[in-house]
Amino acid sequence: MAKPIVQELRPAAEVLANYGPVIGLEVHVQLKTATKAFCACSTRFGDPPNSTTCPVCLGLPGALPVLNRRAVELGIRAALALHLTIQETSRFARKNYFYPDLPKGYQISMYELPLATGGWLDIDHEAQTKRIGITRLHLEDDAAKNLHEGFSDSQKNSYVDYNRGGTPLAEIVSEPDMRSPSEAHAYLTALKQVLLYTEVSDCNMEEGSLRCDANVSVRRRGAEKFGTKAEVKNLNSFRFLQRALEYEIERQVAVLESGGKIDQETRLWNVAAGRTEPMRSKEFAHDYRYFPEPDLLPLRVSPAWSDEIAELLPELPDAKRQRFVNDFAITPYDAGVLASSRELANYFEDVIAAGAAPKLAANWIQVELLRQLNEAGKEITASPVAPGPFAELLAKVASGEINAATGKKVFVSMFTTGKSAAEIIAAEGLSQVSDAGEIERLCRDVIEKNPDNAAKYRAGNEGLFKFFVGQAMRASRGQANPQTVNEILKRLLS
Ligand SMILES: [Zn+2]
């Protein structure tokens, strides 16, 4: 048994407060292509191990790579959406290292001449907008997958599945512009939204389509100079990113406070132990002996081609949020939720197009619809209530045909049965009772049955008014028009 790593002492909150972190993220995103970066093998997830391979992605001698045009297009698409400048000439390089999941003995990546440089992404964080710089976006191929567990002889042997080898990736490198783990979280959230909106990637973190390495250092508050950074790898979920950063910041502060110095190294987030652990001393670029990939020509992207791709960019999350606020007079918060995915935003706009009032639609989608979807484990695209019928329901609530409380019940029924609001209201006799005569009869009844409370109310205990409203609403099975109930009770009790 290896000796457990001694847990560093956690610095006290007031010590921690003397330091500020500096964070930059390197995000690897799988490009949504049908085939691999340099061969015609499928990128499908979940095929039997080693069934989607060929001499090129297995790195057999003499096999030559051919660049996937679609991968380049998607890379350009992402770069444009992130305001990067597309380089007319970029070039693939060999990044040399040895590992069993890398049969070529090198990764094909871009080094001196990346596909795109100098962009930015705005993030919403703590009610403020902050611009995070993006240094570069380059294309590369992914390594294969080592399997260290799940076999009867896993104690002794590891296996390699080469299906993943050669999958096209874009690496998006941010500037060290983030100042807290939650800012890093907000950046990754915003980045993922852009990549999903532009359909560059499915961003499926469980399948490894979106992975993140974090460069993090700490410095004393007020210091200009950045501290020595460590790179934390293997952050394949939002939760791990935040937790690993929090851990790593505390660790570095503890080291500095005890008079030590930070090693420039690569660390791994150990999910089970909830800590970062040293993986290897940080390699420098020269360790990889980068040199231009001799089997591929320099990549040329004409302005015409990149303009063509720019034309096809969809409305991006920022623009959509802004438009929702301007056109529909909803709050920035609501706009943020509704534009969090293209599909949800489309649903919202379809409900409005079907005649619903925007504010009412915004509330009901966020509260009632999202709750039901969440409970049923369904995506918005699989909602049993389509935008048209949803708008019909909202119209009935808005017109007073049913009250809001009944509307919510009707909605749940629509969601589970697939029936329309009209059918459910008719079948269950749920129409709102607005007939003043009938409501007055109910209210008189309630007052007669509660003479003590009526006397107390009349003697000045105004808090009891709610009691009478509640009783009257219950007597109407929740169907009375609440406003009429209020008016009539006020009159009868005065
Ligand atoms: Zn292949």
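Let's start in a loop: Ala329 sits between helix H6 and helix H7 (332-338). Helices here are DSSP runs of H or I with at least four residues, strands are E runs of at least two, and both are numbered from the N terminus. Ala329 is not a glycine, yet its phi is positive, at about 55 degrees. Its relative accessibility is 48%, so Ala329 counts as partly exposed. That label covers the range between buried (under 20% relative accessible area) and exposed (over 50%), worked out with a 1.4 Å probe on protein chains only.

Before going on, a word about the model. It is predicted, so local features need pLDDT of at least 70 and side-chain atom pairs count only at pLDDT 80 or more, while totals for chains, interfaces and linings use all residues. Residues are numbered from 1 along each chain as its sequence is written, and side-chain values use heavy atoms, with hydrogens and water left out.

Phe328 belongs to helix H6 (residues 317-328). Is Phe328 buried or exposed? It is buried, because its relative accessible area is 14%.

Look for Glu199 in the loop between H3 and strand S11 (210-220).

Pro100 is in the loop that runs between strand S4 (92-96) and strand S5 (106-110). Its C-alpha lies 10.0 Å from that of Tyr162, and the two are 62 residues apart in sequence. Glu246, in turn, is part of helix H4 (residues 238-257).

| Residue | Relative accessibility | Class |
|---|---|---|
| Glu199 | 40% | partly exposed |
| Pro100 | 40% | partly exposed |
| Glu246 | 36% | partly exposed |

Now for Asp142, in the loop between strand S7 (128-141) and strand S8 (145-147). Asp142 counts as buried because its relative accessibility is 9%. Which residue does its side chain touch through a polar contact of 2.6 Å? The partner is the side chain of Arg164. A polar contact is a pair of N or O atoms within 3.5 Å; within protein, one must be able to donate a hydrogen and the other to accept it, and residues adjacent in sequence count only if both atoms are side-chain atoms.

**The zinc site**

Which residues hold the zinc ion? Cys39, Cys41, Cys54 and Cys57 coordinate it through their SG atoms, at 2.3 to 2.4 Å. Donors are N, O and S atoms within 2.8 Å of the metal (3.2 Å for Na, K and Ca), and since water is not among the atoms, sites may look incomplete. The angles among the four donor atoms run from 100 to 116 degrees, and the site is tetrahedral; four donors get that name if all angles lie between 85 and 135 degrees. Along the chain, the donors follow the spacing C-x1-C-x12-C-x2-C. Cys41 and Cys54 are 13 residues apart, both in the loop between strand S1 (19-30) and helix H2 (69-81), and this pair links distant parts of the chain. Both Cys41 and Cys54 are buried.

**Empty space**

Rolling a probe the size of a water molecule over the atoms shows where empty space is left. The search uses a 1 Å grid over the protein atoms alone: a cavity is a set of points where a 1.4 Å probe fits but cannot get out, a pocket is an open set with protein on both sides within 12 Å along at least five of seven lines, and lining residues have an atom within 4 Å of a point. Grid points are joined across faces, edges and corners, and a volume is the space filled by probe spheres set on the points.

The structure has four cavities of 30 Å³ or more, and the largest cavity holds about 60 Å³ of space. Among the residues lining the largest cavity are Cys39 and Cys57, which are also zinc donors.

The second largest pocket has a volume of about 730 Å³. Its lining has 23 residues, and Leu196, Ser340, Ser341, Glu343 and Glu379 lie nearest its centre. Helix H3 (181-197), helix H8 (342-353) and helix H9 (358-376) each give two or more residues to this lining, and H3 gives the most, with five.

Notes: Tetrahedral: all angles 85-135°; square planar, octahedral: opposite > 155°, others 65-115°.
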